[in-house]
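Please keep the sequence and the model in view while working through the points below.

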Amino acid sequence: MKAIRRFTVRPLLPEPLRPLSDLSRNLRWSWHAETRDLFRSVDPERWALSEGDPVRLLGSVRPARLAELAEDRRFLRRLAAAADDLHDYRTGDRWYQAQPASAGLPAAIAYFSPEFGVTAALPQYSGGLGILAGDHLKSASDLGVPLIGVGLLYRHGYFRQSLSRDGWQQEHYPVLDPNELPVTLLREDDGAPAQISLALPGGKRLRARVWLAQVGRVPLLMLDSDVEENDLGERGVTDRLYGGGSEHRLLQEMLLGIGGVRAVRTYCRLTGHPVPEVFHTNEGHAGFLGLERIAELADEGLDFDSALEAVRAGTVFTTHTPVPAGIDRFDRELVARHFGPDAELPRMDVDRILRLGMETYPGGEPNLFNMAVMGLRLAQRANGVSLLHGHVSREMFSGLWPGFDPDEVPITSVTNGVHAPTWVAPEVLRLGARQIGAERAEDALSVGGAERWDAVADIPDQDIWELRRDLREQLVVEVRERLRASWRQRGAGTAELGWIDGVLDPDVLTIGFARRVPSYKRLTLMLRDRERLTDLLLHAERPIQIVVAGKAHPADDGGKRLVQELVRFTDDPRVRHRIVFLPDYGMAMAQKLYPGCDIWLNNPLRPLEACGTSGMKAALNGCLNLSVLDGWWDEWFQPDFGWAIPTADGAGTDPDHRDDIEAAALYDLLEQRIAPRFYERGQAGLPDRWIEMVRRTLGLLGPKVLAGRMVREYVERLYAPAAHAHRTMTPDTARELARWKQRVRSCWHAVRVDHVETSVATTTAELGTTLALRVRVGLGDLTPDDVEVQAVSGRVDEEDRITDASAVPLKPTGGPDEEGRWVYEGPLALDRTGPFGYTVRILPAHRLLASGAELGLVEVPSEEAVEGAGVLLR
């Protein structure tokens, strides 16, 4: 029979065990081994059944066992130690608190993301974006960064994946009861649930409660629309992650952005938490947060343009997609209907809202509202998530800054990192602790800061190799258990599954490939030549084995066909002991998979992988990377750390031919270089050269890939400057900047470069020569205080485009002439040999601009102006 109503009955813990409740509700347990060990000792069998979730564990332990533990002095001492440790962790000074006051760090930062992968016990993530956001929160906590996370609480989370008998992906959406999750309801002082609401067209309202997940020191606020006061449609707004049609997604993103700011204000009011000075938008989904902050300032008396400047000053925007198709875009009319007098933000001009997101640039769709474009227009600072992705992003969004080369588009890069305490296997951590001590090992992984981990050099080869085999053996056991469960779901009986006991071998070279399954990640590239792959799998002396996992989006039938194609190959009795597909890829599986593999495979279409952090997690466990030079691997690849798959990414390459070439390169690497090195033995019977690569990966690559390094970069390069700009942008200053921008834009049509001349008119010169540049410019109604005149020089290519450019400001010499022209002069140093060139340009200049490109205005000489300018070429 089916229950008509469901309750969560919580255990009443004996008084001595009350600290267990606090420990279970702070998600630090998910990356703190001692706390997990404490919970495991409560009831090892039930701990396993609860899949390592302390809240579920405590809900299932027998009262007799709790009574027994309440009398167990040894357990109570461990409990007291764990509770004290958590208290010290949450209240003590950490890296952030040790920074000097002169650093000007923000009092608080609000970090918005549509998904957060903190732990498998809180399944609110679908893939890399969410895992990255979870790692960001955890590392901020370790560093003491005063972050507030803001997201949505999805009642179905992301889907669970299983396979049909013929290998087709099937989705399941289990209902998540917040009362069974490690979250608590944010309440008003009188005990009533805190609630925020949004106005909808037609006089309706969207209401949401706020759930709080405590991630170490960092609060994560999650909005939930499944409240009784909502109509059925509104209750379903937070039903599932990345589900529903356009209007459903728009409402989710309005709730995340606008509702999220209101939730932050409520949380700070109720708890006394410092009010955020910086707002960080993790991808465009939360972009509407800027509109709510403009509306707040408008209520305080600022006009729209001034409020926009004040909001931009304290906003950071991170883009994660290298393809326009990955960005949320909404029909103009749909967005217009949800704003204005009859809906949300009623006092704000709808046309001004729309202009922030419209694709008003060459190649843009004039009727689409682009969330990433709005994010960039609402943020004074923006970044991609690897050096290569920063370059791709500058190209992709260059239309927003017309007249500037892509390299000057104001989008920088902060390369992603991963939270090592979450992803490093306990065995790896213990080996490090044995070398340098537990506390130093923990700090090295969480806070980071070292260029290299020299202590790795002192670990004996034998210990490294035994560690790697132990982790491989654990993976073999895990894979067999998961494969058996998967086949049972597919309808197989126990009698059919005897072969699973022989799947994988702990002494065989093991390759891992696990990620989402969009087409550009090329799940099935390894199948291009099936006979050759089969030969590699079954090689008599140097076999390989492959573990694959991944989910296709529920609406992506093409991705599901790729999954089915791979599953059918892995079902072949000839190879099924050497290659497996594991359904339902998630954090719990990943934490076993990364450490147990020898090679981590990544073969996306370059340059479509923004960063790709799975290989970082593998590297921290001594797994070597085999990847296309894309994302982070393009930045940090060295032959010491693994292998680069050559790419055939010329503009005219046929996609099928490209896949054939790159698959052949992959097979060649495996056959001729990787497998021989793994199986080659030195005098001591160990694979000396392989172990040395593991050692270098751990010692040299490990410190780079840490989320601690990433968060410190955000603090120093983005959060601190944004906080400074926010503090500078008083209401009067914001009005001044808004008026100045309006004046500059209206007058810019009269700005021009009239004449350029140099002291040398030849086409050759010697290195070290300094030329005198003299430029005459017209500024119209602007003055030299409004602009900067620059000489831009550098090497030139065959088409006389300046590369590797450097810009030097020129100085005005006196006042305007009778025609209102100004003369600027300055030196031009010829500091490099070969083809060299220069130009001059005029940019808007103001002390409050973060970049000269901020307004997207630039003036360069006409052809007439450069006659006789002595431009140096060849």
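The model is predicted. Helix H18 is followed by Gly448, whose phi is positive, near 70°. The points below begin with that helix and then turn to aromatic rings, cysteines and a sheet.

**Helix H18**

- Helix H18 spans residues 438–446, and its residues Ala441, Leu445 and Ser446 are buried.
- Glu439 and Arg440 are exposed, and they are carried by the face of H18 turned away from its buried side.

**Aromatic rings**

- The structure holds 19 aromatic pairs.
- One cluster, linked by ring pairs, consists of Trp465, Trp643, Phe678, Tyr679 and Trp690.
- Arg490 places its charged end over the ring of Trp487, at 4.1 Å from the ring centre.
- In the case of Arg515, the charged end sits over the ring of Phe513, and the distance to the ring centre is 4.5 Å.

**Cysteines**

- How many disulfides does a search of the whole structure find? The search finds zero.
- Cys597 is in no disulfide, and the nearest cysteine sulfur, that of Cys623, is 5.6 Å away. A disulfide requires two cysteine sulfur atoms within 2.5 Å.
- Cys597 is also buried, with a relative accessible area of 0%.
- The sulfur of Cys611 is too far for a bond, because the closest cysteine sulfur, in Cys623, is 16 Å from it.
- Is Cys611 buried or exposed? Cys611 counts as buried, because its relative accessibility is 4%, and the limit for a buried residue is under 20%.

**An open sheet**

- Strands of a sheet pair through backbone hydrogen bonds, either parallel or antiparallel.
- In this model, four strands form an open sheet in the order E21-E22-E26-E25, with antiparallel pairing.
- Which strands are the edge strands? They are E21 (752–758) and E25 (811–812), each of which pairs on one side only.
- Strand E22 (residues 770–778) and strand E26 (residues 821–829) are joined by nine bridges in the antiparallel sense.
- Thr770 has Ala829 as its bridge partner in E26.

Terms used
Residues numbered from 1 in each chain as written. Predicted model: local features only at pLDDT ≥ 70, side-chain atom pairs only at ≥ 80, totals over all residues. Heavy atoms only, no water. Buried < 20%, exposed > 50% of the residue type's maximum accessible area, 1.4 Å probe, protein only. Helix = DSSP H or I, 4+ residues; strand = E, 2+ residues; numbered from the N terminus. Phe/Tyr/Trp six-rings, centres within 6.5 Å; stacked < 30°, edge-to-face > 60°. Lys NZ or Arg CZ within 6 Å of the ring centre and 35° of its normal. Pairing = 2+ DSSP bridges.
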